[in-house]
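This report goes through one protein chain, from single residues to the whole. Please have the sequence and the model in view while reading.

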Amino acid sequence: MRQTGIGLAAALAALSVTASVHGTAVDRVSPTFAADVAPIVYNNCASCHRPGQAAPFSLLSYDDVKRRATLIVNSATAGAFPTPTSRR
Ligand code: HEC
């Protein structure tokens with residue numbers, strides 16, 4: 001899970017950069033939500049981060065993840081999340 005967190009953090013950090021220049025140049029090597037972030041989040045996070053499950057917010061859509069990108073990056077790089085209680 002620690003590996004996943006770091007990979008996700010890197011993808012999200014790059015995604016934030018990509019999103020901030022959205023509408024200008026499109027860098028083909030930049031990660032995208034659909035290709036890079038969604039598979040990680042769906043496989044590792046969405047089981048809890050979806051409506052009706054334990055986690056306090058959903059991580060199913062680009063907007064869900066983008067809105068919390070900084071929080072996710074900080075938590076993942078600090079090793080603070082997944083928390084001991086949520087670790088599988
Ligand atoms: C087993 C269930 C579960 C899984 C899997 C899970 N979460 Fe969570 N998540 C929670 C719960 C419950 C909380 C509420 C805070 C807590 O109890 O730690 C939470 C809170 C968070 C928070 C808020 C900050 C914090 O530390 O509390 C972030 C960010 C987060 N999750 C990101 C993720 C990401 C990214 C993934 C996938 C890599 C993920 N979560 C996978 C259950 C889960």
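Asparagine 74 lies in helix α4; helices (H or I, at least four residues) and strands (E, at least two) are DSSP runs, numbered from the N terminus. The model is a predicted one, in which local features need pLDDT of at least 70, side-chain atom pairs count only at pLDDT 80 or more, and totals for chains, interfaces and linings use all residues. Residues are numbered from 1 along each chain as its sequence is written.

Is asparagine 74 buried or partly exposed? A residue is buried if 20 or more other C-beta atoms lie within 10 Å of its own, exposed if 12 or fewer, and partly exposed in between, with C-beta atoms placed from the backbone. Asparagine 74 has 13 C-beta neighbours inside 10 Å, so it counts as partly exposed.

Isoleucine 72 is also a residue of helix α4. Isoleucine 72 is buried because 22 other C-beta atoms are within 10 Å. Apart from neighbours within four places in sequence, isoleucine 72 is in contact with Leu8 and Leu12; two residues are in contact if their C-beta atoms, placed from the backbone, lie within 7 Å.

Alanine 10 belongs to helix α1. Alanine 10 counts as partly exposed because it has 15 C-beta neighbours inside 10 Å.

The table gives C-alpha to C-alpha distances for some pairs of residues.

| Pair | Separation in sequence | C-alpha distance |
|---|---|---|
| Asparagine 74 and alanine 9 | 65 residues | 8.0 Å |
| Isoleucine 72 and alanine 9 | 63 residues | 7.1 Å |
| Alanine 10 and valine 37 | 27 residues | 9.8 Å |

Next comes helix α4 as a whole. This helix covers residues 69-77, and Ile72, Val73 and Ala76 are buried in it. These three cover an arc of only 100 degrees around the axis, so they are on the same side of α4; the arc is that of the directions from the helix axis to the C-beta atoms. Thr70 and Leu71, on the other side of α4, are exposed. After α4 comes glycine 79, which has a positive phi, near 70 degrees.

Which residues form the largest nonpolar core? A nonpolar core is a set of buried Ala, Val, Leu, Ile, Met, Phe, Trp, Tyr and Cys residues joined through C-beta atoms within 7 Å. The largest has eleven residues, namely Leu8, Ala11, Leu12, Val37, Val41, Cys45, Leu59, Val65, Ile72, Val73 and Ala76. At least two residues of this core come from each of α1 (2-20), α2 (33-44) and α4. In soluble globular proteins, nonpolar side chains tend to be buried together. Leucine 12 is in contact with Val37, Ala69, Ile72 and Val73, leaving aside its neighbours within four places in sequence.

The chain has four helices and zero strands, in the order α-α-α-α along the sequence. Of its 88 residues, 16% are buried. Among contacts with a separation of 6 or more, 52% join residues 24 or more positions apart.

The average pLDDT (the predictor's confidence in each residue, from 0 to 100) is 76 for the chain, and 65% of the residues score at least 70. Confidence is lowest in α1, with a mean of 62, and highest in helix α3 (residues 62-67), at 93.
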